[in-house]
Amino acid sequence: MSGATRLFRPRQLGLSRAEYIPTTSHIGTVVVRGASWRPAAAVPAAAATSSFSANRARAFSTFKTIAQPLVSISWLEKNFDKSSLVVLDGTWHLPTLKRNARKEFEDLRIKGARFFDIDAAADKHSSLPHMIPSAEEFAQYVGALGISNDSHVVVYDATSPIGTAPRVLWTFRAFGHSGGISVLDGGLQQWKEAGLPVESGPVAPVEPKEYVAKLNPRLVKNFEEMRETLKEKRALIIDARPRGRFTGADPEPRPISSGHMPGSISLPSGNVLDPSSKSLLRGAALSSVLMDSNIDISHPSIIHTCGSGVNASTTWLATVVARMDVAPGSWEELEDGLSVYDGSWTEWAQREKDGAVIEKD
């Protein structure tokens, strides 16, 4: 076993987060043996952490690659020259801001980074914003960026330590990316502050790669599934929009009604970020925010929604990280039962005639 490999044994999974969070990735394979996490039946929110802890000792006999949803600035610096590494700028702006993320990317970016356009890697036949594309369209788009199924992709945001990068990560996971996918915690801002290499100007062409994509329908919800879910009350629905839009007190940035789905829970995406650093909360701080919102991370079905599926990916990622903070696991384990309603509020608010119910507080 190489020096780049860390092996976690059952007794180690009881250690503090600082002792067991993986420090390597698919580039230097991280494996775990002897325990894994599986979602338990729904329990009261106050018992979420203890329930999660109780389930992390379930044994398995094979080695598994540990997911690494977040990587640090120092991790990226250490792995920067790895041939399998691809760095993407996943910045996206609301149209109302009248900003051009691609132009900003050309003005300043992490050296060697490529631009992932959330609006371009989308279903061109839908009237809804940046709906997830077909598997063929996604494969063509990322292959043209020089990404293969074996690439470890690190996504950053240029305007915030987390920003819209989670949407790109979720999209890769929705198509089953196997080579490793992470968000750079700290983004371009902290990379630049650390004095690490940046560049500007035209982007050098890259050699296209073959990419094979297959949609995992368990990670994506559509309107019909949401309507049935609400009828059966079988899932937690997390709404990542600002509180005022959820209650109906504030308008939407698009010409649609504000409000919320019946029974949904308000968790503004900013609540899972550190108030000072704007990085994703971790450990007890993140657990406290989720529990205060009555969110049980061991619930078998948690659906995230927002305005158009971007900020929902942030709370989706926060749930993945909260599970990882209890016990590391593979992507398949950590994301089990977690999904994003792709059309989100933009679709829901326009489909009252089809059975969408809008509530206001």
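**Aromatic pairs**

Analyst: A search of the whole structure, which is a predicted model, finds 10 aromatic pairs.

User: Why is the pair of F116 and Y141 called edge-to-face?

Analyst: The ring centres of F116 and Y141 are 5.3 Å apart, and their planes stand at 80°. A pair needs centres within 6.5 Å, and edge-to-face needs planes over 60 degrees apart. Both conditions hold, so the pair is edge-to-face.

User: Which parts of the chain does this pair link?

Analyst: The pair links distant parts, 25 residues apart. F116 lies in the loop between strand 7 and helix 5 (135-144), and Y141 lies in helix 5.

User: How do you know whether F116 is buried or exposed?

Analyst: Its relative accessibility is 2%. Buried means under 20%. F116 therefore counts as buried.

User: What makes Y341 and W348 an aromatic pair, and of which kind?

Analyst: Their rings lie 6.5 Å centre to centre, with 90° between the planes. The cut-offs are within 6.5 Å for pairing and over 60 degrees for edge-to-face. Y341 and W348 form an edge-to-face pair. Y341 has 0% relative accessibility and so counts as buried. W348, at 1%, also counts as buried.

User: Which residues do ring pairs link into a cluster?

Analyst: The cluster holds F116, F138, Y141, F172, F175 and Y211.

**Charges over rings**

User: What makes R241 count as sitting over the ring of W345?

Analyst: The charged end of R241 is 4.4 Å from the ring centre of W345. The distance limit is within 6 Å, and the position must also be within 35 degrees of the ring normal. The charged end is assigned as sitting over the ring. R351 lies over the face of F223, at 4.0 Å from the ring centre.

User: Why are strand 4 and strand 7 placed at the edges?

Analyst: An open sheet of 5 strands has the order 4-9-8-5-7, with parallel pairing. Strand 4 (70-71) and strand 7 (114-115) each have a single partner strand, so one side of each is left without a neighbour in the sheet.

User: How do you know that strand 4 pairs with strand 9?

Analyst: Pairing takes at least two bridges. Strand 4 is joined to strand 9 (residues 181-184) by 2 bridges, and the two run parallel. L70 has V183 of strand 9 as its bridge partner.

User: What joins strand 5 to strand 8 and strand 7?

Analyst: Strand 5 is joined to strand 8 (residues 152-156) by 5 bridges, in parallel. The partner of L85 in strand 8 is H152. With strand 7, strand 5 pairs in the parallel sense over 2 bridges. There, L88 stands opposite R114. Each count meets the requirement of at least two bridges.

User: Why is strand 5 described as mostly covered?

Analyst: In strand 5 (residues 85-89), 5 of 5 residues are buried. L85, V87 and D89 point one way, V86 and L88 the other way. In a regular strand the side chains alternate between the two faces of the sheet.

**Helix 5 and the cores**

User: Which residues of helix 5 are buried, and what do they pack against?

Analyst: The buried residues are A135, F138, A139, Y141, V142 and G143. They pack against strand 7 and helix 6 (165-174). Just after helix 5, G146 takes a positive phi of about 80°.

User: What makes W316 stand out in the largest nonpolar core?

Analyst: The core has 62 residues, and W316 is among those touching the most other members, along with L88, F116, I147, F172 and L280. Helix 11 (residues 311-326) gives this core its largest share, 9 residues. Beyond four places in sequence, the contacts of W316 include L169, W170, L219 and W331. A second, separate core of 18 residues includes I73, W75, L76 and L184.

**A partly exposed case**

User: Why is T65 called partly exposed?

Analyst: T65, in strand 3 (residues 64-65), has 38% relative accessibility. Buried is under 20% and exposed is over 50%. The value falls in between, so T65 counts as partly exposed. The C-alpha atoms of T65 and P328 are separated by 9.8 Å, though the residues are 263 apart along the chain.

Conventions:
Residues are numbered from 1 along each chain as its sequence is written. This is a predicted model: local features need pLDDT of at least 70, side-chain atom pairs count only at pLDDT 80 or more; totals for chains, interfaces and linings use all residues. Side-chain values use heavy atoms; hydrogens and water are left out. Helices (H or I, at least four residues) and strands (E, at least two) are DSSP runs, numbered from the N terminus. Rings of Phe, Tyr and Trp (its six-membered ring) pair if their centres lie within 6.5 Å; planes under 30 degrees apart count as stacked, over 60 as edge-to-face and the rest as tilted. Buried means under 20% relative accessible area, exposed over 50%, partly exposed in between (1.4 Å probe, protein chains only). Contact means heavy atoms within 4.5 Å. A nonpolar core is a set of buried Ala, Val, Leu, Ile, Met, Phe, Trp, Tyr and Cys residues joined through side-chain atoms within 4.5 Å.
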